[in-house]
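Morning, everyone. I have one structure to go through today, so please look at the screen.

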Amino acid sequence: MDPKSTLVIFSDIHSNLDALERTLGRLKMMEITNHKKFIGIGDIIGYGPQPKECAELVRDFAVHVRGNHEKYLGMEGKIRGVNPHAVQAIELTRGCIQNNGDMLGWLTSLPEDFIQSTPKGFKLRFTHYAPNSDLGYVRNKEEAAKAFEGVADDTTITFVGHTHQPALMELRGDGKADFLPGQDLKKHFGWENPITLDPDSKYIINVGSVGQPRDGDPRASVVLYDFISHEIKFLRVDYDIEKTQEKIREAGLPDHLADRLADGK
Ligand SMILES: [Fe+2]
């Protein structure tokens, strides 16, 4: 993969500055530093202790789309139908960014998706939820097939987040859908190895989560896509989980939000 033709797609930072900084540091070591090629696909804030710092750090990157937590942030009055831990973190976020210029307006008015074409003529779509799926969750081949029904004919790759679980979904030329969750990706390819995509297939790629992975691996997750070689790579990045757990407790957020980081669940 060539750093010059590599896009970085990340999601679900969830106010975890330590994970974000380590991820950016790792990309820098790989000479991937052109932030115009970085695409954030939602949930910058929520759950973690440092929403302001995370939002300030990623704001200058070229593109972001809105996640459900940015949507909650924009809800007037009491937030209904959302788990109480998420509500508590949204209240913390409001307190942290209320005097931060137009940060609240920026976060809450992000677009729902972003579309880009590659020099090779592949159309990419970036959005928070998997298409056509029950709250963005795709857990097997059947649900992957249903998700592909929601993908426009001309779109080659749809990058999504939301579940915090990396996955590769493929719709082959023969109409069959495949679903590879994180443990299968690890088994078949190993993390960090480039995966060459078939130019005749369509893909939905879940990039996992930077700040609160839930696939049993607590390391931050991010995906690289080389738009010339048509390859992707899932990266996993270690960070100081205990430090973030301490910050979560100090911020008065529920213990569960700290505990789950160590389990990656
Ligand atoms: Fe999320």
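The four donor atoms around the iron ion sit in an irregular arrangement, because the angles they subtend run from 83 to 172 degrees. A tetrahedral label would need all angles between 85 and 135 degrees. Keep in mind that this is a predicted model.

Which residues are the protein donors of the iron ion? They are Asp12 and Asp43, each through OD, and His14 and His164, each through NE2. These donors lie 2.0 to 2.3 Å from the iron ion. Along the sequence, the spacing of the donor residues reads D-x1-H-x28-D-x120-H. Asp43 is in the loop between β2 and α2, and His164 is in the loop between β6 and β7, so this pair ties together parts that are 121 residues apart in sequence. Are Asp43 and His164 buried or exposed? Both Asp43 and His164 are buried.

Strand β7 covers residues 167–171, and four of its five residues are buried.

β7 pairs with two strands, β8 and β10. With β8, residues 177–181, the pairing is antiparallel and has five bridges. Met169 has Phe179 as its bridge partner in β8. β7 and β8 make a hairpin, with five residues between them. In that turn, Gly175 has a positive phi of about 90 degrees.

With β10, residues 202–206, β7 also runs antiparallel, and five bridges join them.

Definitions and conventions. Residues numbered from 1 in each chain as written. Predicted model: local features only at pLDDT ≥ 70, side-chain atom pairs only at ≥ 80, totals over all residues. Heavy atoms only, no water. Buried < 20%, exposed > 50% of the residue type's maximum accessible area, 1.4 Å probe, protein only. Pairing = 2+ DSSP bridges. Donors = N, O, S within 2.8 Å, 3.2 Å for Na, K, Ca; no water. Tetrahedral: all angles 85-135°; square planar, octahedral: opposite > 155°, others 65-115°.
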